[in-house]
Amino acid sequence: MRTNSTLPDPTANYVSDEATALTRARYQRISPVYDRIELLMERRFRPWREKLWQFVCGPRVLEVGVGTGKNMEFWPLNCKMTAIDLTPGMLDIARQHAKSLKRQQDDLFLSDVQHLELPSAIFDTVVSTFVFCSVPDPVQGLREIGRVVRPDGQILLLEHVRIDRPVIGTLMDFLAPVIVRLNGANINRRTVENIRIAGLHIERIEDLDDMGMFKLIFARARA
Ligand SMILES: C[S@@+](CC[C@H](N)C(=O)[O-])C[C@H]1O[C@@H](n2cnc3c(N)ncnc32)[C@H](O)[C@@H]1O
């Protein structure tokens with residue numbers, strides 16, 4: 001497992017980017033209580049996480065926005081995992097989690113998905129769960145994922161998105177500025193559209209709830 005001291009200054013890329021610094025500050029603030037805040041929701045999310053990880057192919061897998069490491073129990077044993085996150089407080093908890101699961105051989109480090117310090121076309125699968133609601137420039141982050149995944153590799157995303165219905169969609173737009181200040185998440189992100197704008201190829205989308213808010217998205221860098 002990498003330690004921060006082995007890396008160049010991890011804040012160097014985004015300290016000048018106000019929106020990214022703000023996102024980081026919000027997650028840093030809630031990191032000590034994040035798992036407790038999410039406890040009830042996690043009962044709903046867990047089967048979706050488990051489902052996503054069944055599709056992961058290795059051997060080289062990147063998890064973007066690993067957070068406190070809620071996906072780690074599903075990380076395939078035969079895969080070499082790389083996991084990044086923007087927020088030191090979240091990553092510290094993820095590292096403890098990795099240690100308790102004896103995953104110290106995996107590579108966890110601070111990084112911004114908008115500017116990944118990784119070579120191109122090296123991962124067989126890139127995974128991200130509930131991250132693109134908070135990345136300040138999601139299209140740039142998705143482009144970066146498209147860059148680091150192999151041309152024949154897969155991109156698996158579990159995301160909540162703006163519900164595409166007149167009243168509730170407008171309500172989400174109205175509440176979004178308040179909620180983002182509380183927990184860093186923009187509840188009205190149009191992530192499917194952002195994936196297309198980023199030039200990724202969507203193979204399949206599975207709606208996980210009746211309202212179309214939670215989606216499992218299967219994509220590739222190109223068709
Ligand atoms: C809602 S949490 C989800 C964490 C985890 N993926 C999960 O499923 O529980 C969002 C995470 O994305 C991270 N994040 C936000 N913007 C990011 C960025 N630009 N690059 C990398 N990680 C980012 C945050 O630090 C936070 O840990």
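Student: Which residues does F132 touch, not counting residues up to four places away in sequence?

Tutor: The model is a predicted one. In it, F132 touches V113, P138, G141, L142, I145, L157, E159, R189 and T191, with residues up to four places away in sequence left out of the count.

F132 also belongs to the largest nonpolar core, which has 27 residues. Together with L62, V64, V113 and V126, F132 is among the residues with the most contacts inside that core. Two or more residues of the core are given by each of these elements: strand 1 (60-64), strand 4 (123-129), helix 5 (138-148), strand 5 (149-160), helix 7 (191-197) and strand 7 (214-220). Helix 5 supplies the largest share, namely four residues.

Side chains of opposite charge can pair when their charged atoms come close. R150 and D124 meet in a salt bridge, at 3.3 Å from N to O. R150 lies in strand 5 and D124 in strand 4, 26 residues apart, and the pair thus links distant parts of the chain. D124 counts as buried because its relative accessible area is 13%, under the limit of 20%. R150, at 32% relative accessibility, counts as partly exposed.

A further salt bridge joins D207 to K215, whose closest N and O atoms are 2.5 Å apart. Here K215 is buried, at 13% relative accessibility, whereas D207 is partly exposed, at 45%.

Elsewhere, E42 and K70 form a salt bridge of 3.8 Å, N to O. E42 is in helix 3 (residues 39-54) and K70 is in the loop between strand 1 and strand 2, 28 residues apart. Both partners are buried: E42 has a relative accessibility of 13%, and K70 has one of 14%. This pair is part of a network of salt bridges that links D35, E42, R49 and K70. In total, 13 salt bridges are counted in the model.

L171, F174 and L175 make a nonpolar surface patch of about 310 Å². L171 is located in helix 6 (residues 166-183) and is partly exposed, with a relative accessible area of 45%.

Technical notes: Residues are numbered from 1 along each chain as its sequence is written. This is a predicted model: local features need pLDDT of at least 70, side-chain atom pairs count only at pLDDT 80 or more; totals for chains, interfaces and linings use all residues. Side-chain values use heavy atoms; hydrogens and water are left out. A nonpolar core is a set of buried Ala, Val, Leu, Ile, Met, Phe, Trp, Tyr and Cys residues joined through side-chain atoms within 4.5 Å. Buried means under 20% relative accessible area, exposed over 50%, partly exposed in between (1.4 Å probe, protein chains only). Contact means heavy atoms within 4.5 Å. Patches are made of residues with over 30% relative accessible area and no salt bridge: like charges are joined within 9 Å, nonpolar side chains (Val, Leu, Ile, Met, Phe, Trp, Tyr) within 5 Å. Accessible areas come from the Shrake-Rupley method with a 1.4 Å probe; for residues, only the protein chains shown count as cover. A salt bridge is a side-chain nitrogen of Lys or Arg within 4 Å of a carboxyl oxygen of Asp or Glu.
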